[in-house]
Amino acid sequence: MNIAPIATTHSCFTEKFGIPRQPLLADASRACIELLPPYSDPEAVAGLEQHSHLWLTWQFHQVAGQWSAKVRPPRLGGNKKIGVFATRSPFRPNNIGLSVVRLIQVRLHPRVELIVAGADLLDGTPILDIKPYIPYADSLPSATSELAERPPSPLTVDIPEHILRQAREYRDGMGTDLPQLIQQVLGQDPKPAYQKPDPERIYGMKLCGFDLQWCYRDGAIQVVGLNALDEGEDR
């Protein structure tokens, strides 16, 4: 079986740590899906703008070749093991991911690109297929999941005013609202689920060309730094 990527991802997430564990949990995130030749034909995406959401099939390209029969999902605190096929762990036999994202814009010039929101994709993620989300077929109100019945409750995120002002000045070509993105990403608690927060420890992740730093205090997250990265460092 030979499967070649049809597109590549340009994402605000340039390292694995901090990426939301499910799509749409951080709707403020933005990604550009750039179609590759010979699929970068405007006719291939004709009519796609009639759909509000898309299914993306993609590859966990930084864990290729790794898999485990049992894994520790974050929803169980990172301490209990269950079968890999009962989870969405990246450590799978074929390392294939599936995400539903919100379509913002279809761009045809100078390249064929899709601007999407809520993507849980690492920068450079190979896209294997794109399909429209069809509500009557894809939305199942009666579906249940004992493991993940509802979204996790977000933590409180405190952003000091001077960092908030800096974040509000951020501009990119996809309309990213950086203050909202910081709130949504950190609110999901990026640290490993099994790890107890150390109030003395400073955590950090690369986000939108910045080194975002925070700590855990009194059950909440305190942002302590937003430092611009040098060109080439955000990789």
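How many bridges join β11 to β12, and do these strands run parallel or antiparallel? In this predicted model, local features require pLDDT of at least 70 and side-chain atom pairs count only at pLDDT 80 or more, whereas totals for chains, interfaces and linings use all residues. Residues are numbered from 1 along each chain as its sequence is written, and side-chain values use heavy atoms, with hydrogens and water left out.

Strands β11 and β12 run antiparallel and are joined by eight bridges; helices (H or I, at least four residues) and strands (E, at least two) are DSSP runs numbered from the N terminus, and two strands pair if DSSP finds at least two bridges between them. Within this pairing, Gln-213 has Gly-225 of β12 as its bridge partner. Both strands belong to an open sheet of four strands with mixed pairing, in the order β9-β12-β11-β10. Its edge strands, β9 and β10, each pair on one side only.

Helix α2 lies across β11 and β12 and runs at about 50° to β12; axes are lines fitted to C-alpha atoms, for helices over the stretch in contact, and angles run from 0 to 180 degrees between N-to-C directions. Helix α3 packs on the sheet, touching β9, β10, β11 and β12, and its direction makes about 130° with that of β12; contact means heavy atoms within 4.5 Å.

Eight of the 10 residues of α3 (residues 178–187) are buried, so this helix is largely enclosed by the rest of the structure; buried means under 20% relative accessible area, with a 1.4 Å probe and protein chains only. Among the elements covering the buried residues of α3 are α2 (161–168) and β11 (210–217). Just after α3, Asp-189 adopts a positive phi of about 60°.

The largest nonpolar core comprises 28 residues, and those with the most contacts inside it are Leu-178, Leu-181, Ile-182, Leu-207 and Leu-212. Such a core is a set of buried Ala, Val, Leu, Ile, Met, Phe, Trp, Tyr and Cys residues joined through side-chain atoms within 4.5 Å. Two or more residues are given to this core by each of α2, α3, β10, β11 and β12, and α3 gives the most, with five. Apart from this core lies another, of 21 residues, including Ala-31, Leu-54, Val-116 and Ile-127.

Ser-11, located in strand β1 (residues 7–11), counts as buried because its relative accessibility is 10%. Beyond its neighbours within four places in sequence, Ser-11 is in contact with Arg-30, Ala-31, Leu-121, Leu-122 and Asp-123.

Conventions:
Buried < 20%, exposed > 50% of the residue type's maximum accessible area, 1.4 Å probe, protein only.
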